[in-house]
Amino acid sequence: MSKYFDIAIVGAGIAGSSLAAELARQGSLVVLEGESAPGYHSTGRSAAFWEECYGGPEIVPLTLASGEYLRDGGFLTERGALYAGRDEDAGKLDEFMARFENSGAQLERIDRARLAAILPGVKPAWTDAIWEPACADIDVAALHAHFLSRATRGGAVIQTNARLVSAAQRTGGWDLTCVDGSRFAAGILVNAAGAWADQVAAMAGVKPVGITPYLRTVAQLRTDPAPDPAQPLVLDISGRFYFKPESGRVWLSPHDEEPSPPCDVAAGELGVATAIAQFEKVVDWRIEAVERKWAGLRSFAPDRMPVFGFDPDVSGFFWFAGQGGFGIQTSPAAAAGAYELLTGDQLTGRTSGVDMARYSPARFMS
């Protein structure tokens, strides 16, 4: 016999858990997580940072609106970010500054002398940069645990090992079956399944919106010298790498985006080698060892914006997906905005400056 809930959320990563934290006190709620523990895939593998420009100008309102929640909760540690370039990249740096001019992000163009002072050991070819002082590390594990705790304290049921295998719409809601045979019924079905979002939609008889998972590689390096813990996140203005200090080591990514089926991804040798080749062109630090490597999936809709809101064609189906690599840094505002769309209630000040309508799934429907 199925147990009835007002709302069922598919996925207990940062998306599903943040929304569950907001919704838990508004009615009965179940979160169906396919793995044995929440956050196994993208959330648990993120080298997350709160970076005002990440994701583009369309995402900045969500990022800025999330800052206060993250700072007040103690989830941020100041870091700063550098977008670095060479002489031939001056035009790209100009375009970047112009693109974010009216976004609200704090940006400063700096010269070679300032760049070398902020990033000791930077090679002479790197002559120009943009400084973003507000960038901060996110304690992802603590933030995710916080959302899960809020959800369970509010009465939400977090059901692990509950991979959804069928979703049948009926009058007034949904009949849901999981791989272990457990059954649930819900009035509203929320698709927070990350890389599996389009699969969940198709299962429910909803037209997929074209969400594609992309593999992102990260490697941990031991270097000589070890990075200063206070050094900033460094990003290539041409998008070929980023790196930052982490517990006396360097976390380095080639900023790769390789389309992938939704699965348990692993880092390949080519991605790591590509990242190292780029890193060695930037600083004169010697790489002593690649201590570990991993990969995660970042899922994007075709226009690279998230998909939030009720499906316009299938009643009771709510999209909360397509949050790419910015899902963690935007999670407080995204969840608050989705709560407002789902309930019609307002969370005072939590979504200031955010137009949730621009993220509606209706933009993909003909």
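How many bridges join β12 to strand β20 (residues 317–321), and do the two run parallel or antiparallel? Three bridges join them, and the strands run parallel. Here helices (H or I, at least four residues) and strands (E, at least two) are DSSP runs, numbered from the N terminus, and two strands pair if DSSP finds at least two bridges between them. Within this pair, Leu189 stands opposite Phe317 in β20.

This is a predicted model, in which local features need pLDDT of at least 70 and side-chain atom pairs count only at pLDDT 80 or more, while totals for chains, interfaces and linings use all residues. Residues are numbered from 1 along each chain as its sequence is written, and side-chain values use heavy atoms, with hydrogens and water left out.

Strand β12 has other partners. Strand β1 (residues 3–10) is joined to β12 by seven bridges, and these two run parallel. In that pairing, Lys3 stands opposite Phe184 of β12. Strand β11 (residues 173–178) runs antiparallel to β12, with four bridges between them; Asp175 stands opposite Ala185 of β12. The hairpin of β11 and β12 has four residues between the strands, and Gly181 there takes a positive phi near 90°. Eight of the nine residues of β12 (residues 183–191) are buried, so the strand is largely enclosed by the rest of the structure. Buried means under 20% relative accessible area, exposed means over 50%, and partly exposed lies in between (1.4 Å probe, protein chains only).

The next topic is charged side chains. Side chains of opposite charge can pair when their charged atoms come close. A salt bridge is a side-chain nitrogen of Lys or Arg within 4 Å of a carboxyl oxygen of Asp or Glu, and the structure holds 23 of them.

One of these joins Arg109 to Asp94, with the closest N and O atoms 2.6 Å apart. Arg109 is in strand β6 (residues 108–110) and Asp94 in helix α3 (residues 90–99), so this pair links distant parts of the chain, 15 residues apart. Arg109 is partly exposed at 31% relative accessible area, and Asp94 is partly exposed at 43%.

Another salt bridge pairs Glu269 with Lys293, whose closest N and O atoms are 2.2 Å apart. Glu269 lies in helix α7 (residues 269–279) and Lys293 in strand β18, so the pair ties together parts 24 residues apart in sequence. Glu269 counts as exposed at 58% relative accessibility, whereas Lys293 counts as partly exposed at 34%.

Salt bridges also form a network, which links Arg222, Asp224, Arg249, Arg286, Glu288 and Glu291.
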